[in-house]
Amino acid sequence: MAVIVEVLNKQQKVTERHKFAQPLVTLGRAFDNDVILFNKHVCPYHAKLTQDDEGQWWLEDLSSVNGSFVAGRKTVVAKEQLRSGELCWLGEQALRLYDDAHPVAATLPFSVVGQKLQAMGHWFFILLFALVIAADQIVEIWLTLPKQVEHLWPLRLTDIPKNLLMFCIWPAVLALWSRFNQQESHFLPQLSLTYAALASSAVWGAFCYWLGFNLDGSGLAQVIEVVGYTLILAALFSGNLWLATHWPLRAQASVAFAVALLVNSGQWAGLVMPPSPFDRSLQYDSRMLPLSFYLGKGKDMQQYEQDLQQLFEQVELQRIDTDKE
Amino acid sequence: MLQKTWTSLLLLVLCCCSAPGYSAAVAEKVFADYADALLQIKVLEHASGAKSAIGSGFLLADPALVVTNYHVVSEAVLFPQKYQLEFLAQNQQKGKLEIVAVDVVNDLALLKADYKAAKSFQLQQQTPVQGAAVYSLGNPHDLGLIVVPGTYNGIQKHSFYPRVHFTGAINSGMSGGPAVNEVGEVIGVNVASAGNDLGFLVPAAALQKLLAKAPVADLKQDIQQQLIGNQQAMFQQILQADWQLKNFGPARVPDEIVPFIRCWGTSNVEKDKDDIKRVNAFCNQPEEIFLSSEFSTGRIEMQFEWIQAKELHPLQFFRRYQQSIDQMNADNRAGEDDVTAYSCQNQLIRPAEGQHAKAIFCLRAYRNYPQLFDVAYISASLDHQQQGVISHFTLAGVDQKMALEFSHKFIGAVVWQ
C-alpha cells in the first residue's frame, strides 16, 4: 500500500506532494533523502517513516537537533505511530501522511455564477465598463465646466485614466490576498467586477437624478437611490469574495452585505436621522431637468396651497412632539 | 492794525464756541441734576455671581419705575431661574430689580427698584423740532456715566418701526439710557448705533404705551402676543398694498412693495466672458426684533435672479440653474431650543397664469411661541430651455395665515411677459 507525504508551509497549505510504494521513507535536508526538505532547522538526516508488518506507519526520529513531534505536539522519543491524515513536525516543518485508501472530498461541479464571473475577466468586458465610466465622467465635465475655464478640458480629461487606474488598486489588493491564501489571483475578473460596479453606479445615479426630479425629491426617491447603491456594492463585494475565498456562500453574502452597508452608512444615516435645527442650510432636493423630462403635470395652485397647509400642521405637530420630550 | 486783527481773531474764537445748539454748560447741568436717576443695570448669573450683561437705565418720576432696553435684560426675562438683575447708582447704592413689563418690538423693559433719586426723569409730551439739542446719557463700555450731546433729526424714514434719528455717538453699554432735552425731559431711549455719529432712539411715545400696560402677569405670553400683533400690522400693510412690479428680464417681479421694504440689484452683464448671464434683485426689511442673544426674528427678504445662457445645451443650462437654487439658508439667527428643524415641501407647480416652476417651501416652528414660524421659499421657472427666473423669499416670525397669504400673493406676482 503506497503512502502519500505532503509538505506544508506555515499556513498549512500543501507545497509538495510525494507518493512512495516502499515501506521506508527518509526525511531530511541531505540530497540522498526520499523527501528533501528546505527548512534550515531540519537536520540532514532528520527522521524516517517506516511501515510495520501490519501496514501501520511510524515516525522515527534520528536524534535530530530540533526534535520531531506528532499530533498534540507530542515529542517523538524513539518512534510514534502516524494515522492517515495526521500531521507531524520535523522541527517546525509540518508534514502530513495519507495512505492511498484515504477518502477524498466529492468533486466540486462548475458553478454558473463562477463561470460567468471568470468570463467577465475578458478584456472586452473590461473595456466596455471602462468606456461607460469614462462616458459618465465626460458628461459630468461637459455639464459643469464653465466657458471661462474651457482650457481646463484636457486637464480634466486626464483625470479619467487616473481614476480608472486608481480603481485597479482594489482588484490588485484582492488578487494579492488570494495569492497569499494559495489561491488563484483572478485579477482580471476582479478588475472587471469593480469597473462593472462603477459603471452601474454611474447609470443608477443618472436614473435616480431623473427619478428624484419626477418624484419631487420625495423620501421614496431617496430611499430607492440609497438602496440601489447599497445593492450594487453588496453585489460587488459578494463577487469579490467568491473569487478570492472559498468561504461558504452564506458567509460571503453576509460579509459582503455588511461591508456594503458600512460603506453606505453615511447615506443611510442621512435618510434615517432627523434634520437638526443647528443646520442653517436647509435640506431639500434641488435637482432640476428641462420640463420635457417631467412625466407628471405639476400641481395647480389650489392643490399646492392645500399641501402647504398640511406642511404647517405637520410642523406644528413636530413642535408639540419635541416639546413633550 | 494789530489790534484789529486780535479783535477779529477773538470774535472768531467766540463764534466757534457758541456755534452748536448745545452747550457744555447745559450738558453739565443736565448731568448734575439727573446723575442720581441714572443707573447701571447688571445681569448676574445666580451660580457664578458673574456679570453676564451690562447696560444703562433710568428712573422715571411717575410711576417710579426703571426703564432700560429689553435686549439688556433679555436673559433675566427668559431664564429667571438662572439670572437676576441688579442696579448700581451713581452713589454706589446697589439693589435688586424686578421685571414689570417688556416690549420686544420696541426693545423696552420696565423694572421695579427699591430706590429713590433726588430728581427723576419725566417724559416729554410734545415732539421736538428738527435740529433740537438732545443729550444722550449712559454708561459706555462700563467706563462710568457720561453725557453725549447731539441733535434730534426726526423719525427715521423707510422703517416700519418708529425710531428717532439722533446725530450723536451712542456706544454699546449706553443702551437703555435716556436721551433728554435741555430741561431733562425724556425724548427717547438709546437703542442702537449705525456708527459715524448715527444713533437711534425709541421714541417716548412707545414708552408711554408700555407704561399704560404695566404690570404684565405672564411675560412670555405677552411677548408672543406682541410678536403676533406686530407681524399682523406689518403684513396687513404688505398684503393690502398694491404691489409695484418691475421689469426683470423676461418677467415682472415685485419691487419696493411697501415703504419699509427696500430693493437693490446687481448683474454680471458687462462680463462678456461668462457663458451665463445673471441679473439679481434683492429686497428686504432688515430690522430684526431681538428675542435673545441667539434668537432674532422679524426680517423679510425677497430675492430674484434671472439666468440666461444662449450658448449652452439645455442640459448644461439646467445643471448650472440647479446650482443657483441649491443653497438656501435661514435668514435669522435661532438656537436649537428656539426652533424646530426645517421641514421642506418640494413640488412642481403650475400657477394659472405663470410658468411651470419647481417650488421648495421650508418651514420651522418657534418652540416657545406657538403659532409662529420661519418660512423660506424658492422657486425656479422650468418652461424655457436656456433661461429661467428664480424667486425666493424668507419670512421670520409669521403665523400660518400670513405666510400662506403672502406666498399666494408672491407666487401670483412673479409673471412672465
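A cavity is a set of grid points where a 1.4 Å probe fits but cannot get out, and the residues lining such a space are those with an atom within 4 Å of a point. In this predicted model, the count comes to 2 cavities of 30 Å³ or more.

The largest cavity holds about 150 Å³ of space, and 14 residues form its lining, among which Gln355(B), Ala357(B), Ser379(B), Ser391(B) and Val414(B) are the closest to its centre. Two or more lining residues are given by each of E23, strand E24 (387-398) and H7 of chain B, and the largest share, 3 residues, comes from E23(B). Sorted by residue type, the lining of the largest cavity consists of 9 nonpolar and 5 polar residues, with no charged residue among them.

The second largest cavity, with about 30 Å³ of space, is lined by residues of chain A, namely Val5(A), Leu27(A), Leu49(A), Leu82(A), Cys88(A), Leu95(A), Arg96(A) and Leu97(A). Strand E11 (residues 93-99) of chain A gives the most to this lining, with 3 residues. The lining of the second largest cavity divides into 7 nonpolar residues, no polar residue and 1 charged residue.

Attention then turns to the interface between the two chains. The size of an interface is often given as the accessible area lost when the parts come together. For chain B and chain A the buried area is about 5,300 Å², of which 60% is given by carbon and sulfur atoms. On the side of chain B, Arg319(B), Leu348(B) and Arg350(B) supply 12% of the area that this chain buries against chain A, which is more than any other three residues supply. In terms of contacts, 62 residues of chain B meet 48 residues of chain A.

Specific interactions across the interface were also counted. The rule finds 2 salt bridges between chain B and chain A, including one in which Glu311(B) pairs with Lys147(A), where the closest N and O atoms are 3.2 Å apart. Polar contacts across the interface of chain B and chain A come to 21 residue pairs, with both residues at pLDDT 80 or more.

The side of chain B that touches chain A draws at least two residues from each of helix H6 (314-325), strand E21 (343-349), strand E22 (357-365), strand E23 (373-381) and helix H7 (400-413) of chain B. The largest share, 10 residues, comes from H6(B). By residue type, this side of chain B comprises 31 nonpolar, 17 polar and 14 charged residues.

Notes
Residues numbered from 1 in each chain as written. Chains lettered and ligands numbered in written order. Predicted model: local features only at pLDDT ≥ 70, side-chain atom pairs only at ≥ 80, totals over all residues. Heavy atoms only, no water. Contact = heavy atoms within 4.5 Å. Buried area = accessible area lost by both parts, 1.4 Å probe. Salt bridge = Lys/Arg side-chain N within 4 Å of Asp/Glu carboxyl O. Polar contact = N/O pair within 3.5 Å; in protein donor to acceptor, adjacent residues only side chain to side chain. Helix = DSSP H or I, 4+ residues; strand = E, 2+ residues; numbered from the N terminus. Nonpolar A, V, L, I, M, F, W, Y, C, P; charged D, E, K, R; others polar. 1 Å grid on protein atoms, 1.4 Å probe; cavity = no way out; pocket = protein on both sides within 12 Å on 5 of 7 lines; lining within 4 Å. Points joined across faces, edges and corners; volume = space filled by probe spheres on them.
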